[in-house]
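Let's walk through a structure together, one feature at a time. Bring your questions as we go.

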Amino acid sequence: MPLRPDLPRTFSPSRRDVLAYAGVSLAGLALTSNAVAQNQTPQAFIQARLGDGQRFDATAVIDIARQLAKKPFVAPPNDLPDAFSNLTYDQYIAIKTKQPFQIWAGDSRGIIVEPLHRGFVFTNAVDLYLIEDGASRRVGYDASRYDFNGVNAPNNLGDIGFSGFRLLANPGDGPSYDFAIIQGATFFRALAKGQNFGAMARALTLKPAEARGEEFPFFRAFWLERPAPGSNSITIHGVIDSESTTGAVRMTFRPGDMTIVDVETSLFPRVNLEHVGLGGIGSTYFFGPNDRRNIDDIRPAVYESTGLQIFNGKGEWLWRPLHNPETLQISAFVDKSPKGFGLVQRERSYETFQDDDQHFERRPSVWIEPLGDWADGSVQLLEIPTDSEINDNILTYWRPKAAMAAGSEVSFAYRQYWCWTPPERPPLATVIATRTGQGRSGRRRRFIVDFAGDSLLGIPAGDLKAVLNVGPGSFQNLKLWAYPERKTARVAFELDPGNENACEMRLILEADGKQISETWLYRWTP
């Protein structure tokens, strides 16, 4: 099961962080390969073409990925000293970067970079290069730049590289603060100012939830462009490698009250790719008002994202509350040329969670806006059963309908918004709560769905209509209560699944024959 990180406000990966990467570092990346890199390792190949002292050209990063795809895949070497690979969680987070090793910290450039040490489950090395005055400069590892705080680091370590890096905003008129971390596989996460780390993005997703196992691509190298003085953005280039494909990624981060990340990716498949995920986002849903699964917990709810929001190519706004099911659930929302999708945290009050440590109300919403036409495909949603809040049991991404042929080149781009509220919102009444409970008898379940919005203002109760569709299964006792003075409405009904083990539901509000709410979707499973 994918596992998910929880948040430290400043970087010290929690147990969730390191567990999130454990399956990747120890299993997903330890891929068997008898390939020989034609007398040159991938890292040496990269260094020879865009390494230390060479003039930087963004197209060269793409060409490196293109040329690597023509070579057999070579798994990352298992070269981390035992003193670091055998670290416990507590030992690993005790390793701290000394303040002087914060790159560009004293240059008034608005952005600070902090390389992250290898160790524990973060065993793979990634090369870091700085682009300054048009030239590439490799960041070398030096043990003297770290406080090991009780860890017995070997003498004469040499250059063992890094596991990733974190980015800090340095506004000049206040203290610096974390806004992004890139570490492990192709995972990265960001946040808006004032938030806690939560959801995690993937630069590339391959074959999730397949019986033969998910494939985890990983970054081999990064090039970080030095920001202009006083800048509020940084551009990062990366090379991705995996058994099935290589890729080149360009990401531009702009931190602030809404952190925006522009992502441009070119893929070079080694084999036919039939299951590719673009714009992947992972999160956690343990329990809430619509799904407690007999969980005995003092908190009223535990989740990082309330639901999946989709703005489809037809202009319809869909809302799918998340669920912690008894069995793996895979949903596909077929679409053409989607306008946007994302995992959204709609609950922003402390009272919803009452967790003084985790503060789930401060987790970011992540909205994906495709740039260009993504053609036919589907928004995929994976909901994985979990009995613990540390598990990253939610994954969503765009799956193109067309396979990517071996030897082809495929490019796509999108914009991410890490935010309190997505920049695009339905101009309709939206769902503010979904609740379920025992029905009158047998397997029946009672549902209550609450809507709110300006479109409900002043509409008499007699003019408002709830339109519900269920299949398979049936429903009874559909009721609607309208409160126009509060701009809210409540719909209640009872689901009768009969002998079915999955029922799909669709609910909208209408007035004068026109839809005035987003579309509520839900899959019931026992």
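**Reading the model, feature by feature**

Q: Is Glu409 buried, partly exposed or exposed?
A: Glu409 is partly exposed, with a relative accessible area of 48%. The cut-offs go like this: buried is under 20% relative accessible area, exposed is over 50%, and partly exposed lies in between, using a 1.4 Å probe and protein chains only.

Q: Before we go on, what should I know about the model itself?
A: This is a predicted model, where local features need pLDDT of at least 70, side-chain atom pairs count only at pLDDT 80 or more, and totals for chains, interfaces and linings use all residues. Residues are numbered from 1 along each chain as its sequence is written, and side-chain values use heavy atoms, with hydrogens and water left out.

Q: Where is Glu409, and which residues is it in contact with?
A: Contact here means heavy atoms within 4.5 Å. Glu409 is found in the loop between strand E24 (394-400) and E25. Leaving aside neighbours within four places in sequence, Glu409 is in contact with Arg66, Leu267 and Phe268. With Arg66 there is also a side-chain polar contact of 2.6 Å. A polar contact is a pair of N or O atoms within 3.5 Å; within protein, one must be able to donate a hydrogen and the other to accept it, and residues adjacent in sequence count only if both atoms are side-chain atoms.

Q: How do I read a label like E25, and which strands pair with it?
A: Helices (H or I, at least four residues) and strands (E, at least two) are DSSP runs, numbered from the N terminus. Two strands pair if DSSP finds at least two bridges between them. Strand E14 (residues 259-269) runs antiparallel to E25, joined by nine bridges, and Ser266 has Ser411 in E25 as its bridge partner.

Q: Is E25 mostly covered or mostly uncovered?
A: Strand E25 (residues 410-419) is mostly covered, with seven of its ten residues buried.

Q: What about Glu215: buried or exposed?
A: Glu215 counts as buried, because its relative accessibility is 5%. You'll find Glu215 in the loop between strand E10 (205-206) and strand E11 (218-225). Its side chain makes polar contacts with the side chains of Lys207, at 2.9 Å, and Ser242, at 2.3 Å.

Q: How is the packing of two helices described?
A: By the angle between their axes and the distance between the axes. The axes are lines fitted to C-alpha atoms, for helices over the stretch in contact, and angles run from 0 to 180 degrees between N-to-C directions. Here, helix H2 (residues 42-50) and helix H3 (residues 58-68) pack at about 145 degrees, with axes 11 Å apart. Among the residues that meet are Phe45 and Ile46 in H2, and Val61 and Ile64 in H3.

Q: And which strands stand at the edges of the open sheet?
A: The order is E26-E27-E30-E29, four strands with antiparallel pairing. Strand E26 (430-438) and strand E29 (474-483) are at the edges with a single partner each, so one side of each has no neighbour in the sheet. Strand E27 (residues 445-452) pairs with strand E30 (residues 488-496) over eight bridges, and Ile448 stands opposite Ala492 in E30.
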